[in-house]
Amino acid sequence: MIGFREEWAVDQNGKQRIGFIGIGLMGEAMARHLLDLGYSVTVWNLEPERLETVVPHGAIAAESPAAVARDSDIVMLCVLNMAAVERCIFADDGVAAAGTGPAVIVDFSTADPEGTRDAAQKLKALTGAGWVDAPVSGGPQLARTGQMTVMAGGSQEDFDTVKPLVEQMSGNLTLMGPVGAGQTTKILNQAIVGTGYVLMAEALVLAEAAGVDAARLPQCLAGGHADSSLLQRLYPQMQQRAFDPPSSYARQLLKDLKAVSEFSRGLGLDLKVIEQGVQRYKEYVALGHEMTDSAAVVKLYEHDAAERKSP
C-alpha cells in the first residue's frame, strides 16, 4: 500500500489544497467557485484546452491525474462516466500511481453504483484512500454559486472528513448510505429530471396550442400542486427558447435516462413513463441534437408538428 495522507496539509491561507479532475461545464463552475472561496486548486482535464477556462482565474494546471494527487489534500472528480473515472484513478498516470495524495476522493461524476463500489474498494486496497461518491444536480449556474444538490455515498468517517468543504459547494448535501448510495440516488434524480423535461416540453406545447399566455404559466401555478423547480426554472427557459449557450447536453441526459432504464430493469421493474422519456430523447438526439441543450427537447415537438403538416 502506498502512503496517502492521514493528516491534512494546508496552503499559505490555512486551507486544504484541492485537486480537481474534469473541467467540463460542471467542473469549470465548481472549480471557479472553489477559487472564489480562496482555495488552491490544481486541475487536469483530458482535453487540455478546457483548462483555459479556469487557469486564468488562479487554478494550477497539472500534467496528469497523478500530478494532481501529489499536490492535493482532497481530489475531486467530475468526469463523464465510470470508464472515465477508472482512467483517472487507475491508469499509469492516475491518482493511484501518485505515491502520495489525498485521504479521500470526492467523485461528482455520474457513474454506476456497482462500478463505483468496485473502484472505491480497489483504491482503498491500493492506497488506503477513502471514497465519497457525490453526484450532483442543479446545473452549472447553481454549481458556480455553491447552491447545487449533492447526493452522497460513503462511510460516515469519509463523509465527515469532506463535509465542511462540500457544504461550501452545495445548498443541499445529504449522506444517503455507503459507497454507491449517491450514484443510486442520482439514478432516482435522473428519473425525475429526465421525464420532467419531457413533461415540461409537453406542457409548453399544449399551452401554446391552446392559446393561453404560456409565459405566465409558472406565475399562475405557483404554490399549487403543479408547482416545482422544473416549472419555475426549466419551463421558462423552454418557453423563451433560451438554449444558447447550452447549460447541459441532450446526449448526456439521454445517457442518464438509459442508465435509469437499465437500473430499473435490473430490479425487475417496467417503468413506462421513464421508458417513454428515453424514447423521446433518443428521437431528439437522432435528429442531430446531441450537443444542444437538454431543455431544447421542446424542439422535437415542433419537428413532430412540422412532420404532420407535410404533404
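In the unreviewed UniProt entry, Lys186 is listed under "active site", and the surroundings of this residue can be described from the coordinates of the model, which is a predicted one. Lysine 186 is found in helix α7, a helix that comprises residues 181–210. With a relative accessible area of 7%, lysine 186 falls below the 20% limit and is therefore classed as buried. When its neighbours within four places in sequence are left aside, lysine 186 is in contact with Thr110, Pro135, Val136, Ser137 and Met151.

The annotation "domain: 6-phosphogluconate dehydrogenase NADP-binding" is listed for residues 17–177, a span that is 37% helix and 22% strand in the model and whose end C-alpha atoms lie 27 Å apart. The annotation "domain: 3-hydroxyisobutyrate dehydrogenase-like NAD-binding" covers residues 180–301; over this stretch the chain is 70% helix and 0% strand, with 36 Å between the end C-alpha atoms.

Threonine 116 counts as buried, because its relative accessibility is 0%. Apart from its neighbours within four places in sequence, threonine 116 is in contact with Met82, Ala111, Trp131, Asp133, Val179, Gly180 and Gln183.

The crossing in which α7 passes α10 is left-handed. On the side of α7 the contact is made by Thr184, Ile187, Gln190, Ala191, Gly194, Thr195 and Tyr197, and on the side of α10 by Leu253, Asp256, Leu257, Val260 and Phe263. Divided by class, the residues of this contact are 7 nonpolar, 4 polar and 1 charged.

The loop between α9 (229–240) and α10 (250–266) contains proline 245, and the peptide bond that leads from aspartate 244 to this proline is cis, with an omega near -5°. Arginine 241 lies in this loop between α9 and α10 as well, and its phi is near 50°, a positive value in a residue other than glycine. The relative accessible area of arginine 241 is 29%, so this residue is classed as partly exposed.

A further helix pair is formed by α11 (residues 272–289) and α12 (residues 298–309), the axes of which come within 10 Å and cross at roughly 75°. This angle lies in the range of 65 to 115 degrees, and α11 and α12 are therefore described as roughly perpendicular to each other. In this contact Arg280, Glu283, Tyr284 and Leu287 of α11 meet Lys299, Leu300, Tyr301, His303 and Asp304 of α12. The residues concerned divide into 4 nonpolar, 1 polar and 4 charged, whereas the contact of α7 with α10 has 7 nonpolar, 4 polar and 1 charged residues.

Terms used:
Residues are numbered from 1 along each chain as its sequence is written. This is a predicted model: local features need pLDDT of at least 70, side-chain atom pairs count only at pLDDT 80 or more; totals for chains, interfaces and linings use all residues. Side-chain values use heavy atoms; hydrogens and water are left out. Axes are lines fitted to C-alpha atoms, for helices over the stretch in contact, and angles run from 0 to 180 degrees between N-to-C directions. Helices (H or I, at least four residues) and strands (E, at least two) are DSSP runs, numbered from the N terminus. Angles under 35 degrees count as roughly parallel, over 145 as roughly antiparallel, 65 to 115 as roughly perpendicular and the rest as oblique. Contact means heavy atoms within 4.5 Å. Ala, Val, Leu, Ile, Met, Phe, Trp, Tyr, Cys and Pro count as nonpolar, Asp, Glu, Lys and Arg as charged, and the others, Gly among them, as polar. Buried means under 20% relative accessible area, exposed over 50%, partly exposed in between (1.4 Å probe, protein chains only). A crossing is left-handed if the near helix is turned anticlockwise from the far one by less than a right angle, and right-handed if clockwise. UniProt positions are given in the numbering used here, feature names are shortened, and annotations may be inferred rather than shown by experiment.
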